[in-house]
Amino acid sequence: MYTQALDTHGQEPAPAARDLSAQEQRFQARVDAEEKIEPKDWMPDAYRQTLIRQISQHAHSEIVGMLPEGNWITRAPSLRRKAVLMAKVQDEGGHGMYLYSAAETLGVSRAQMMQQLLSGAAKYSSIFNYPTLTWADIGAIGWLVDGAAIMNQIPICRCSYGPYARAMVRICKEESFHQRQGFEIMLTLAHGSADQHTMAQDALNRWWWPSIMMFGPSDADSKHSAQSMRWKIKRFSNDELRQKFIDVTVPQAQYLRLTIPDPRLRWNEATQHYDIGPIDWEEFANVLRGNGPCNRERLAARRAADEAGAWVREAAAAHAARQIGRSPHMAVNPQARFA
């Protein structure tokens, strides 16, 4: 899951900047009391739109995220690696379907969401606009990208919106396997031959900073963060999650005998956290604007898949319409379906 990276730069007014209506106050009281909001419950339109934006873009990220890894299924170094990678890519497709279904409970259709993705109106995680150049990149994605996703996903299991929270429970369980698969690939390479170790280090060098950027802009520049936390859509700020990820991942890199590509990385005894060097937010913004290494390639692949699958959707819709047309007659005479 990759929604942190979907925050855009810019501040929005603090929640206290305007008075809440009585209905909004009752809604906020339910959220504060840790009650789950369900699809038929009243909710502020801004809450609904925030969820649609976040859940749909999360779903888009899962679907687009299949592309850089699917690219390596036929080139995986063993039958076991192929089988595991195929299972992982299939999981990602399933995650997208869960999330599209959760978003549909808010009144937006899957066709609308897909059109927003294909037109470029909706964003997906910036991380998937980077190429997978070697087999080690598949390990780095599992270890770093899925590791960052898990750090972000687990709190969303307690999201205030019920369908989103429930969808995340299964997704988190599956993502934990993805992270372990990636770490195991990196462990094998890092403790293999000199060339394999070099390959693993190169992958870490290229994926470290984009993974750090996945958590989105710093809290001071995060447009949606404060309100999302007030509504308990988010539970932690971007910077808090980023710091937790760094603190967990640096010791893992040390165990792998790999070097984090940050000369300013230091353990801070006073804060009991790792300090890192400056993040290149211009690169992050540039990728979100559509100028990353693989932005055009990713959208072209999704558009081609959408066009190729049009006949399947049309046939399924026609079959469903036909079944609906038959249903009254079938209710009177169940044997009619055999006629």
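**View A. Trp208, Ser211, Ile212 and Met213 of helix H8 meet Arg242, Phe245, Ile246, Thr249 and Val250 of helix H10.** Contact here means heavy atoms within 4.5 Å. This is a predicted model, so to speak of local features we ask for pLDDT of at least 70, and side-chain atom pairs count only at pLDDT 80 or more, while totals for chains, interfaces and linings use all residues. Residues are numbered from 1 along each chain as its sequence is written, and side-chain values use heavy atoms, with hydrogens and water left out. H8 covers residues 194-213 and H10 residues 238-256; their axes come within 10 Å and cross at roughly 150°. That makes H8 roughly antiparallel to H10 (under 35 degrees counts as roughly parallel, over 145 as roughly antiparallel, 65 to 115 as roughly perpendicular, the rest as oblique). Axes are lines fitted to C-alpha atoms, for helices over the stretch in contact, with angles from 0 to 180 degrees between N-to-C directions. Helices (H or I, at least four residues) and strands (E, at least two) are DSSP runs, numbered from the N terminus. By class, the H8 and H10 contact splits into six nonpolar residues, two polar and one charged. Ala, Val, Leu, Ile, Met, Phe, Trp, Tyr, Cys and Pro go down as nonpolar, Asp, Glu, Lys and Arg as charged, and the others, Gly among them, as polar.

**View B. Helix H2 (residues 45-64) packs against helix H7 (residues 162-190) at about 25°.** Their axes lie 13 Å apart. That angle makes H2 roughly parallel to H7. The crossing is left-handed, meaning that the near helix is turned anticlockwise from the far one by less than a right angle (clockwise would be right-handed). On the H2 side, look for Leu51, Gln54, Ile55, His58 and Glu62; on the H7 side, for Tyr164, Met168, Ile171 and Glu175. The tally for this contact is five nonpolar, two polar and two charged residues.

**View C. Helix H4 (residues 79-104) and helix H5 (residues 110-119) cross at roughly 115°.** Their axes come within 9 Å, and the crossing is right-handed. Met97, Tyr100, Ser101, Ala103 and Glu104 from H4 sit against Arg110, Met113, Met114 and Leu117 from H5. Sort them by class and you get six nonpolar, one polar and two charged.

**View D. The largest nonpolar core has 80 residues.** Such a core is a set of buried Ala, Val, Leu, Ile, Met, Phe, Trp, Tyr and Cys residues joined through side-chain atoms within 4.5 Å. Buried means under 20% relative accessible area, exposed over 50%, partly exposed in between (1.4 Å probe, protein chains only). Tyr47, Ile55, Trp143, Tyr161, Tyr164, Trp207 and Trp208 touch the most other members. Helix H6 (residues 135-156) gives the most to this core, eleven residues. Zoom in on Trp143 and, leaving out residues up to four places away in sequence, its contacts include Phe183, Met186, Leu204, Thr249 and Leu256.

**View E. Gln28 sits in helix H1 (residues 22-32).** With a relative accessibility of 6%, Gln28 counts as buried. Beyond its neighbours within four places in sequence, Gln28 is in contact with Arg230 and Trp231.

**View F. Glu34 and Arg257 both have a positive phi.** Most residues other than glycine have a negative phi. Glu34, in the loop between H1 and H2, has a phi near 65° and is partly exposed at 41% relative accessibility. Arg257, in the loop between H10 and strand E1 (266-268), has a phi of about 65° and is exposed, with a relative accessible area of 53%.
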